[in-house]
Amino acid sequence: VMLVTDDISPLELENYMLKTLQKASKYVDPIEALQMVTINPATYFGLETGIKPGNQADFLIFESLEEFSLKDVWIKGKPLEFWEKTLLSHKKEATN
């Protein structure tokens, strides 16, 4: 089973998928709900999955699997704060 969408703006996708996880976890185990929005669609579309040497990890850390409240976000193996600082420093350089 997969939980996916093709009619949501990328700007709305995060909140939409978190709400989808919250709803799904009322009916199935939270781990199974996570699989429905991550591994299952990736496998279906032939995308490589898993944490492996050399891969740059994108992942979320949740405070609670019951509520799916976000604690931390990592992109390409670095915390979101790194990317925010990098973006801000590039913006400052561009305006100088």
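## The sheet and its hairpins

Phe62 stands opposite Leu70 in S2. The model in which this pair is found is a predicted one. Another pair across the two strands consists of Ser64 and, opposite to it in S2, Ser69. In total, five bridges join S1 and S2, and their pairing is antiparallel.

These strands belong to an open sheet of three strands, arranged in the order S1-S2-S3 with antiparallel pairing. S1 and strand S3 (78–79) form the edges, each of them pairing on one side only. Strand S2 (residues 69–75) is joined to S3 by two bridges, and here too the strands run antiparallel. Ile75 has Lys78 in S3 as its bridge partner.

The table sets out the two cases.

| Hairpin | Residues between the strands | Residue with positive phi | Phi |
|---|---|---|---|
| S1 and S2 | four residues | Phe68 | near 55° |
| S2 and S3 | two residues | Lys76 | near 50° |

Phe68 is located in the loop between S1 and S2, and its phi is positive although the residue is not glycine. Is Phe68 buried or exposed? Its relative accessibility is 2%, and because the cut-off for a buried residue is under 20%, Phe68 counts as buried.

Lys76 occupies the loop between S2 and S3 and likewise has a positive phi in a residue other than glycine. Its relative accessible area is 48%. Buried residues have under 20% and exposed residues over 50%, so a value in between is called partly exposed, and this is the class of Lys76.

Helix H2 spans residues 30–37, and its buried residues are Pro30, Ala33, Leu34, Met36 and Val37. Why do these residues lie on the same side of H2? They cover an arc of only 155° around the axis, and therefore they share one side of the helix.

At the start of H2, Asp29 places a side-chain oxygen within 3.0 Å of the backbone nitrogen of Ile31.

## The largest pocket

The largest pocket contains about 1100 Å³ of space. Elements giving two or more residues to its lining are H1, H2, S1 and S2. Of these, H1 gives the most, with six residues.

How many residues line the largest pocket, and which lie nearest its centre? The lining is made up of 30 residues, and those nearest the centre are Val37, Thr38, Asp58, Phe59 and Leu60. Val37 is also one of the buried residues of H2.

Note on methods: Residues are numbered from 1 along each chain as its sequence is written. This is a predicted model: local features need pLDDT of at least 70, side-chain atom pairs count only at pLDDT 80 or more; totals for chains, interfaces and linings use all residues. Side-chain values use heavy atoms; hydrogens and water are left out. Buried means under 20% relative accessible area, exposed over 50%, partly exposed in between (1.4 Å probe, protein chains only). The arc is that of the directions from the helix axis to the C-beta atoms. A polar contact is a pair of N or O atoms within 3.5 Å; within protein, one must be able to donate a hydrogen and the other to accept it, and residues adjacent in sequence count only if both atoms are side-chain atoms. Two strands pair if DSSP finds at least two bridges between them. On a 1 Å grid over the protein atoms alone, a cavity is a set of points where a 1.4 Å probe fits but cannot get out, and a pocket is an open set with protein on both sides within 12 Å along at least five of seven lines; lining residues have an atom within 4 Å of a point. Grid points are joined across faces, edges and corners, and a volume is the space filled by probe spheres set on the points.
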